[in-house]
Amino acid sequence: MINLNSRQSEIYHMVKERSVMKVRDIISLFDVSAATIRKDLTLLEESGLLRRTHGEVHAIAPNGLQMTPFEARSFLCIEAKRKIAQAAVQQINDG
């Protein structure tokens, strides 16, 4: 297991919670240089905890795949979504 400092751990948990974050937003949250944040993100990516794209950082799913925000949200509140779909179907008239 990798040893993360408190800032790196906080970055990891923020991105994991949100699925995706802009790098500039992460930089603005901490009182350190952009270079320091970039080094933190590089470490987190090399550790397989996050995936960086141009200007963004994405959470990694438990199976190792990158989850887009839609994919992450599609697994939330499944039962409520089923109930909404059933109610919508009842509102549709034949013809």
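This is a predicted model: local features need pLDDT of at least 70, side-chain atom pairs count only at pLDDT 80 or more; totals for chains, interfaces and linings use all residues.
On helix H3, the face turned away from the buried side carries the exposed residues Lys39 and Glu46.

Which residues of H3 are buried? They are Ile37, Asp40, Leu41 and Leu44. Viewed down the helix axis, these buried residues fall within an arc of 95°, so they line one face of H3. As background, an α-helix has 3.6 residues a turn, so residues three or four places apart point the same way.

What does this buried face pack against? Its partners are H1, H2, E2 and E3. After H3 comes Gly48, whose phi is positive, near 80°.

I turn now to the sheet. Three strands form an open sheet, in the order E1-E3-E2, with antiparallel pairing. Strand E1, residues 20–22, and strand E2, residues 50–53, stand at the edges; each has a single partner strand, so one side of each is left without a neighbour in the sheet. On average, neighbouring strands are turned by 20° against each other, direction ignored. E2 and E3, the latter comprising residues 56–59, run antiparallel and are joined by four bridges. In E3, Val57 is the residue that stands opposite Arg52.

A further helix also meets this sheet. H1, residues 6–18, lies across E1, E2 and E3, and its direction is at about 120° to E1.

Finally, the interior. In soluble globular proteins, nonpolar side chains tend to be buried together. In this model the largest nonpolar core has 15 residues, of which Ile11, Val15, Ile26, Leu41, Leu50 and Val57 touch the most other members. H1, helix H2 (23–29), H3 and E3 each supply at least two residues of the core. Where does the largest share come from? It comes from H1, with four residues.

Leaving aside residues up to four places away in sequence, Ile26 touches Ile11, Val15, Met21, Ile37, Leu41 and Val57. Val57, as noted, stands opposite Arg52.

How values were computed
Residues are numbered from 1 along each chain as its sequence is written. Side-chain values use heavy atoms; hydrogens and water are left out. Two strands pair if DSSP finds at least two bridges between them. Axes are lines fitted to C-alpha atoms, for helices over the stretch in contact, and angles run from 0 to 180 degrees between N-to-C directions. Contact means heavy atoms within 4.5 Å. A nonpolar core is a set of buried Ala, Val, Leu, Ile, Met, Phe, Trp, Tyr and Cys residues joined through side-chain atoms within 4.5 Å. Buried means under 20% relative accessible area, exposed over 50%, partly exposed in between (1.4 Å probe, protein chains only). The arc is that of the directions from the helix axis to the C-beta atoms.
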